Amino acid sequence: MTQLATPPVLTLGDGICAGIVRAGGTAFDGPLDESYSIYSVAGATHGIELRITQGYSLLGEWTPSVLNCDVTVAFDWHNLDTGARGTETRFVPAFHTSTRPLFMHVFPGQGRVALTMRTERPSIPVTVEVFVP
């Protein structure tokens with residue numbers, strides 16, 4: 001397994017809302033069994049499980065989060081070894097903060113993967129590179 005974390009994506013959300021979205025995750029070789037995580041896809045291989053959170057809280061879970069908006073997040077992936085490409089999107093309601101992340105999966109196959117996180121609203125995208133075993 002390989003861990004990853006994106007820098008924050010600055011975005012405009014639905015309506016008039018400025019927000020921050022970030023993701024952390026685990027690249028895995030699999031196959032995953034049902035005991036790995038309640039959010040995982042049993043039997044999945046060569047993928048990335050992403051934990052998406054929004055907003056910023058000065059004191060972590062002890063204070064309310066600010067800069068969280070309803071927004072659709074997109075992950076553009078490019079497997080640098082095979083040339084395969086794809087995009088996965090997910091609507092992320094504003095209540096998915098660090099204490100209640102939203103989970104999603106992408107399956108780019110084995111190899112080095114460039115993963116770009118952006119939103120479908122005006123945003124400043126970020127890219128990370130991760131090795132999927």
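Q: Let's start with a bridge: in β4, which residue is the bridge partner of G25?
A: In general, strands of a sheet pair through backbone hydrogen bonds, either parallel or antiparallel. Here, keeping in mind that this is a predicted model, G25 has L50 in β4 as its bridge partner. That's one spot in the pairing of β3 (residues 18-28) with β4, where the two strands run antiparallel and 8 bridges join them.

Q: And what about strand β7 (residues 102-106): over how many bridges do β4 and β7 pair?
A: There you'll find 5 bridges, again in the antiparallel sense. To see one of them, look at R51, whose bridge partner in β7 is F103.

Q: How many of the 8 residues of strand β4 are buried?
A: The cut-off to keep in mind is that buried means under 20% relative accessible area. In β4 (residues 47-54), 7 of the 8 residues are buried, so the strand is largely enclosed by the rest of the structure. For the protein chain, 43% of the 133 residues count as buried.

Q: Now for a sheet: in what order do the 4 strands of the open sheet come?
A: Read a sheet from neighbour to neighbour. Here the order is β6-β5-β8-β10, with antiparallel pairing. β6 (85-92) and β10 (126-132) stand at the edges with a single partner strand each, so one side of each has no neighbour in the sheet. From one strand to the next, the twist averages 25°.

Q: Which residue in β6 does A74 stand opposite?
A: A74 faces T89. As for the strands themselves, β5 (residues 71-79) pairs with β6 over 8 bridges, in the antiparallel sense.

Q: Stepping back, how many helices and strands does the protein chain have?
A: Count the elements: 0 helices and 10 strands.

Notes
Residues numbered from 1 in each chain as written. Predicted model: local features only at pLDDT ≥ 70, side-chain atom pairs only at ≥ 80, totals over all residues. Heavy atoms only, no water. Buried < 20%, exposed > 50% of the residue type's maximum accessible area, 1.4 Å probe, protein only. Pairing = 2+ DSSP bridges. Axes fitted to C-alpha atoms, helices over the stretch in contact; angles between N-to-C directions.
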